[in-house]
Every structure is written in C-alpha cells, then in structure tokens.
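Hi there,

As promised, here is the structure for you to open alongside this note. Have a look around first, and then read on.

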Amino acid sequence: MQMLKLLSRGEYKTNEGYQALVTAKQSVKWYKEVWNKMAIPKHMFILWLAVLDRMQLKERLFRFQIVPDENCLLCGTKKETIEHLFFDCHLCYQALNQIKDWLGWHTAASTIPKILRWVAKARMTRFRKQVYSTTVAALVYHLWWCRNEALWNHKVYRVSIVVRRIQSNVKNRVRSYMPNKIQHIDQDWFDQL
Ligand SMILES: [Zn+2]
C-alpha cells in the first residue's frame, strides 16, 4: 500500500516535472522567436503580451461586464479578439500588407505566431531577421496604440499614418543599432527602405 502511494506520488511528481519541462521548453521557444535586441523595448513588451494573449481585449472585458459590447473598435463589425486584431481586421490586415510590401517580404503568414515562426526559420542574414522582427514588434505596438486611440479618444487613424509611424520608428531604431559588420547587399536593402 505504502509502496503504491510512493509510486503514485513519484509518478505524480514525474508527470508534474514533465509538464513543467514542456512549458519551459515552449516558453524558451517563444522567447527565442520573439526576443530581439534591436527591437524597441516597449514594442517588445506589447508583442509579448499579444503572444501570450494577455491584452485587455473587448471580448474579455465584455465577459466581465466592463464594456457594453465586444465589437472591434477599428471596424465595428467583428468581435475584438486577438486573432481578429492581428490581423483579421481589415485595417490591421492592410497595415500588415503595406509593411510586407515595404520590406519586400513575400509570405502569406498573417497571424502573429505564423509570422514569428517564419522569421525564426527564414534563411536570411541575421541583420535582415533583426529588421523583420523589429518591424513586427513595431507593427503590433502601433496597431495596439491605434486601437487604444479609438477606445480613449474616439479617433481611428488612417492605415497610411500608422504605417508611416512604424517605418519611421524602425528606420531610426535600426540606424542607431546598426551592426559594425554588415553585408553590402543588406546595407543597400536597408538604405532604400
Ligand atoms: Zn476589426
């Protein structure tokens, strides 16, 4: 009986340990995919919240009866969920596509997890990967900012304005964190952005 208890306790612990390991591994994987020294820290923070689905979205606020409806603040037609905002909502989808065009980025990925995975696995120089992930963080941050402007100031910005803000943030940030050694092809690519 005691043996059984010990065994079951042992099994329980092993199982718990395994779960912890799996969770830790998953976080490390996400961390590696999301983390980028070049990105602006406050952008990274918002991206991280989005990855963990910890944003105070209307779907959640509505469930706790904090807001009267769960409609997206940008389009007003769909439920505001993490999937809708990034990047189902037509305004956000347009912003994503304009950013992809700007970078000459050919991918059909259009959700945050898929985009981050794409960048993590892409065969390209470290510099270009850093610029891509700096841009993804800036995109998520600015769309969140745009959504909050709609919430607090009842103002919905045009996509072109949001995209210009992202481009300017990314260019300034990358210029100040430019690596010493960079291939000519990457330098030319960045200069024409
Ligand atoms: Zn929407």
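Below is what turned up, starting with the metal site and moving on to a pocket and the core.

One thing to keep in mind throughout is that this is a predicted model.

**The zinc site**

Four protein residues hold donor atoms for the zinc ion: Cys 72, Cys 75 and Cys 89 through SG, and His 84 through NE2. These donors lie 2.1 to 2.3 Å from the metal. The arrangement counts as tetrahedral because the angles that the four donor atoms subtend around the zinc ion run from 104 to 118°. If you want to find the donor residues in the sequence, look for the spacing C-x2-C-x8-H-x4-C. Two of them, Cys 75 and Cys 89, are 14 residues apart and link distant parts of the chain. Cys 75 sits in the loop between helix H3 (58–63) and helix H4 (82–88), while Cys 89 is in the loop between H4 and helix H5 (90–103). Are these two cysteines buried or exposed? With a relative accessible area of 18%, Cys 75 is buried. Cys 89 is buried too, at 1% relative accessibility.

**The second largest pocket**

Helix H2 (41–51), H4 and helix H6 (112–121) each contribute at least two residues to the lining. Which helix gives the most? That is H4, with three residues.

**The nonpolar core**

The largest nonpolar core has 54 residues, and among these Phe 86 and Phe 87 touch the most other members. At least two residues of this core come from each of H2, H4, H5, H6, helix H7 (126–153), helix H8 (159–176) and helix H9 (184–191). H7 has the largest share, with 14 residues.

Finally, a word on Leu 47, which lies in helix H2. Leu 47 has a relative accessible area of 1% and is therefore buried. From Leu 47 to Ile 112 the C-alpha to C-alpha distance is 8.7 Å, although the two are 65 residues apart in sequence.

Terms used: Residues numbered from 1 in each chain as written. Predicted model: local features only at pLDDT ≥ 70, side-chain atom pairs only at ≥ 80, totals over all residues. Heavy atoms only, no water. Donors = N, O, S within 2.8 Å, 3.2 Å for Na, K, Ca; no water. Tetrahedral: all angles 85-135°; square planar, octahedral: opposite > 155°, others 65-115°. Helix = DSSP H or I, 4+ residues; strand = E, 2+ residues; numbered from the N terminus. Buried < 20%, exposed > 50% of the residue type's maximum accessible area, 1.4 Å probe, protein only. Core = buried A, V, L, I, M, F, W, Y, C linked by side-chain atoms within 4.5 Å.
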